[in-house]
Amino acid sequence: MEFLGDVIEDAFAFLGNSGGQLAEVLLLTLIVAGVATAIGVAIGVPFGIWLGLGRFRGRAFLWTLVNVGMAIPPVLVGLLVLLLLWSDGPLGSLGILFTPAAMVIVQVALATPIAAGVTAGAVASLSPDAREQLDALHLAPVRRGRVVAREIWPGVTAAVAAAFGRVVSEVGAVLIVGGNILGETRVLTTAIVQETRQARFGAALALGFVLLVIAFTVNGTLTWLQFRERGIG
Amino acid sequence: MAERRFEDLRWPVDDPIVDIPELSVELGERLIIFGPNGAGKTTLLRLIAAIEGEGGTPYASYLPQRPYLFRGTCRANLYLGLDNADRTKADDLAERLGVGDRLPDQARTLSSGERMRLSIARTLAVDSPLVLLDEPLAPLDLRDREVVASVIVDALEGRTGIIVTHDRDTAAMLGDRLAVMIDGKILQIGPVSEVLATPSDDTVAEIVGVSNVVDGRVLARRGALVEVEWGEHRFYALGDHSAGTPVKVLFGGEAVGVHTGDLEGSSLRNRFRGVVTEVRETGRLAEVVIDCGSPVVALITPGSLDTLNINEGSEVQVSVKATAARAVAVGGGA
């Protein structure tokens, strides 16, 4: 018990003293996760709607790929992006390996299938009557997508929450392509790993607490949005 | 008259529910697709609306059998897919269909009848020359049906309508022509009153029954009855319409009595003199067509036919019990 008490005490001490360094890590975490979620949702939600509504050959295969994408280990995605961005790799000339841009790319790759899969699942739960009405209306594709997004609004917010949860809590992929460089690519999860490796458990716990606050704030906001009546218009 | 022709209406291709090589609709007419559940009527409309198969037209305005309203207000649903000009029209139609005051409300608060009326308003507001309606009056009570039917008839003026129903009243209120559909095929097509009165065979007769439909205008209300001007005759039927209302009067062939004697002094209000123009013994009952100014079909037993000893050219009197006849209002000037 004394050990845990010391860890908690250290954690509070870290929160009180870390100041600018913690703020820097927190800011980068929010920027990388926020941008990656936004891009992943912008691609994944429309794709999920298209996949959920579509009647075309190969749909089941495509849906399987999305499900695989949802379950793929982040370290593997990190490795693949690393190979692409390595100096001798196909996109090596971009020179963005071990930068926040690389972290965003890898997290977009993780967020997009989650957003698409959750959205497609919500679209699949639309009643046959709703689908028939959509067909009857002969709306232009973008308008049709907007009507569906608003109809399955709780599903869309769940997709955003799942995508954000996936990227903000992820450590393996960002560690591989970001390198956990202090002041440049260190985010909350990689910082927790760093502190734990060095047996600074109080600092690791404090960082974990901050991560928890972020998760609570973001998901609380999304849940509030989920329960709001969003209609067409 | 110009017509719109649909060819090879067949779906699904391998094991078709609908298999109609050709269907022609005259421009400006309202064609009723009439048949029992499972006949393929809805699939036919979906084919014509280009939701299934090929050969339909995506420009048709289509009201599904169970129209769906999305999250949001009634107004947002009413305006869905409509341009500004159509929205003005939709507002007017919603008003006439009795849902104008519900437009600011959430769509999910509407009753099934209100949902249908709002959806009808949207469907009719679309500026399309072809309107497809699947059971538009089904969730409405009889009084509402007449109002809605009247609005539909007015709104389809100059446009072509294809309307699915399995209800004879709806067919009489909305249709110019009627196609009887059974097992994915059209067995008979013709003017509504003609098809209802003279089914082409036993199969059709079993589905549509044998019904007479006569056009008239209400002269006065008499208690539970209305007195209808039918050519030179006066016809009494159940109804509560005000004087001047154009109506159709429906009565089954079995409600028609045929008499060779004199009916003077009888309590029967509906009695008309006529000449037998045709006698058909198609099944267990014989159909006797009597020209009373316009044709009336009576269903009588072969035994009665023998007793009456009538044939083509016989002068007879026809009676119809007023309580066995029902007046329904029709649009276009009501």
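Trainee: Which residue of strand 2 of chain B is the bridge partner of B:R5?
Mentor: B:S24. Keep in mind that this is a predicted model.

Trainee: How many bridges join strand 1 of chain B to strand 2 of chain B?
Mentor: Eight. Strand 1 covers residues 3-11 and strand 2 covers residues 18-26.

Trainee: Do they run parallel or antiparallel?
Mentor: Antiparallel. The two strands form a hairpin, with six residues between them.

Trainee: OK, zooming out. What does the domain assignment of chain B give?
Mentor: Domain 1 is 3-199 and domain 2 is 213-329. Their centres, taken over C-alpha atoms, are 31 Å apart.

Trainee: And how many residues does the contact take from each domain?
Mentor: Domain 1 of chain B gives 11 residues, and domain 2 of chain B gives seven.

Trainee: Which helices supply at least two residues each on the domain 1 side?
Mentor: Helix 5 (142-155), helix 6 (168-174) and helix 7 (192-197) of chain B.

Trainee: How do the residues on that side divide, nonpolar, polar and charged?
Mentor: Five are nonpolar, three polar and three charged.

Trainee: Switching to chain A. What span should helix 4 have, at 1.5 Å a residue?
Mentor: The helix has 12 residues, 74-85, so it should span 16 Å. Its end C-alpha atoms are 16 Å apart, which agrees.

Trainee: Which residues of helix 4 of chain A are buried?
Mentor: A:P74, A:V77, A:G78, A:V81 and A:L85.

Trainee: Where do they sit, seen down the axis of the helix?
Mentor: Within an arc of 100°, so the buried residues line one face of helix 4 of chain A.

Trainee: What do they pack against?
Mentor: Two helices of chain A: helix 5 (100-124) and helix 9 (172-178).

Trainee: Last topic, the two chains. How many residues does each put into the contact?
Mentor: Chain A gives 17 and chain B gives 16.

Trainee: Which elements give two or more residues to the chain A side?
Mentor: Helix 6 (128-137) and helix 7 (141-151) of chain A. Helix 6 of chain A has the largest share, with seven residues.

Trainee: And the classes on that side of chain A?
Mentor: Six nonpolar, four polar and seven charged residues touch chain B from there.

Note on methods:
Residues numbered from 1 in each chain as written. Chains lettered and ligands numbered in written order. Predicted model: local features only at pLDDT ≥ 70, side-chain atom pairs only at ≥ 80, totals over all residues. Domains from an automatic or database assignment. Helix = DSSP H or I, 4+ residues; strand = E, 2+ residues; numbered from the N terminus. Nonpolar A, V, L, I, M, F, W, Y, C, P; charged D, E, K, R; others polar. Expected span 1.5 Å × (residues − 1). Buried ≥ 20, exposed ≤ 12 C-beta atoms within 10 Å, placed from the backbone. Arc of directions from axis to C-beta. Pairing = 2+ DSSP bridges.
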